[in-house]
Amino acid sequence: MPATIHGVIPIMKVFITGGAGFVGSHLTQFLLDRGHTVTIMSRIPKSKIPGLKLVAGNGVTPGPWQKFVGGHDAVVNLAGVSIFSAWTPVYKRQMWESRIMTTKHLIEAIPQDSGISLISTSAVGYYGFHGDEELDESSPAGSDFLALLAVDWETAASTVVDKGSRCVITRFGVVLGRNGGALKQMAQPFRFFVGGPVGSGEQWVSWIHMEDLCRALLFCLENPDVHGPVNCTSPNPVQNKELTQAIASALHRPAVMRAPGFALKLILGEFGSVLLEGQRVLPKALLDKGFVFEHPDVHEAVRDLLV
């Protein structure tokens, strides 16, 4: 059983793959600040964070790192190369291997009937493209590359239940955080007065503030009755034009330089379609369990992160 902080809040030992990445580094500090013990696996194990434990390893291949997994109460699986790149055949393979193989090797390392909970990442790309249709955790999977990748990823993670472990599949929306990630890339053109909507601007963006994402992941860790797919998105998805207006307002810049869709497809190929289509996803599972968002409004969230 986990220890407790002042006899009330359970202290957990959490093993994180991808802990050195954008989300992983924020989650690591978030958990440490609340008294939890964190171990991250990294190919280059170095950190200046006090109290953080480091394990060298690459989840794509099995190795000595696996022996450290069993000593934890929970595992958060964030491993996977970024989707923000041109999807060449070689890069698609890297996207698949970094997610599916890491997940398989991670589950191999979880002892049978250990009671270790697995919080494994997926993405709202699971649903494919549905225009203005509202989607929740019960909506079916899509059929494009990103959707099929998410299906394979979730299928691999779900096998942990055969070991008697709880499995939560967290489907991330666009994560908005400080000093990195999608928001940094989106804000950069506005700083030079050349920002604006992408394509038509009508496509939906399912987003979440980094703080709410970390709070949602901790919520899943602390509540044993949470399992299965969980959409980690704001309850208020917005169209791309509203998100860009929120960025423009926060930076006191105009939002008039539209990025043409054909140019994105020329530069990014298949990934360009993801930016031009999007999904309108709702976090029904979190809301049903009583989770309360602190940053549900995109204008407030962007101001908080950029000002």
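Modeller: Strands (E, at least two residues) and helices (H or I, at least four residues) are themselves DSSP runs, numbered from the N terminus. This is a predicted model, where local features need pLDDT of at least 70 and side-chain atom pairs count only at pLDDT 80 or more, while totals for chains, interfaces and linings use all residues. Residues are numbered from 1 along each chain as its sequence is written, and side-chain values use heavy atoms, with hydrogens and water left out.

Colleague: How do you know that E6 and E7 are joined?

Modeller: Four bridges join E6 to E7, and pairing asks for at least two, so the two strands pair. They run parallel. As one example of a facing pair, valine 75 stands opposite leucine 118 in E7.

Colleague: And what makes E3 and E4 a pair?

Modeller: Strand E3 (residues 13-17) and E4 share five bridges in the parallel sense. Here lysine 13 is the residue opposite threonine 37 in E4.

Colleague: Which order do the strands of the open sheet have?

Modeller: The seven strands run E5-E4-E3-E6-E7-E9-E13, with parallel pairing. Strand E5 (53-56) and strand E13 (228-232) are at the edges because each has a single partner strand, which leaves one side of each without a neighbour in the sheet. From one strand to the next, the twist averages 20 degrees. H2 packs on this sheet and touches E3, strand E6 (74-77) and strand E7 (117-123), where touching, or contact, means heavy atoms within 4.5 Å.

Colleague: Why is E7 said to be largely enclosed?

Modeller: Six of the seven residues of E7 are buried, so the rest of the structure largely encloses this strand. Buried means under 20% relative accessible area, exposed means over 50%, and partly exposed is in between (1.4 Å probe, protein chains only). Strand E4 (residues 37-42) is largely enclosed too, because five of its six residues are buried.

Colleague: Why is H2 called roughly parallel to H3?

Modeller: Helix H2 (residues 89-109) and helix H3 (residues 145-158) pack at an angle of about 10 degrees, with their axes 8 Å apart. Under 35 degrees counts as roughly parallel, over 145 as roughly antiparallel, 65 to 115 as roughly perpendicular and the rest as oblique, so H2 is roughly parallel to H3. The axes are lines fitted to C-alpha atoms, for helices over the stretch in contact, and angles run from 0 to 180 degrees between N-to-C directions.

Colleague: Which residues meet where H2 packs on H3?

Modeller: Among them are Met95, Trp96 and Ile100 in H2, and Leu149, Asp152 and Trp153 in H3. By class, this contact has ten nonpolar, one polar and four charged residues. Nonpolar covers Ala, Val, Leu, Ile, Met, Phe, Trp, Tyr, Cys and Pro; charged covers Asp, Glu, Lys and Arg; the others, Gly among them, are polar.

Colleague: What makes the phi of aspartate 113 worth a look?

Modeller: Most residues other than glycine have a negative phi. Aspartate 113 has a positive phi of about 55 degrees, and it is found in the loop between H2 and E7. With a relative accessible area of 60%, aspartate 113 is exposed. Phenylalanine 193 also has a positive phi, near 65 degrees, and lies in the loop between helix H4 (181-191) and strand E11 (204-205).

Colleague: Why is phenylalanine 193 called partly exposed?

Modeller: Its relative accessible area is 48%, which falls in the range in between, so phenylalanine 193 is partly exposed.
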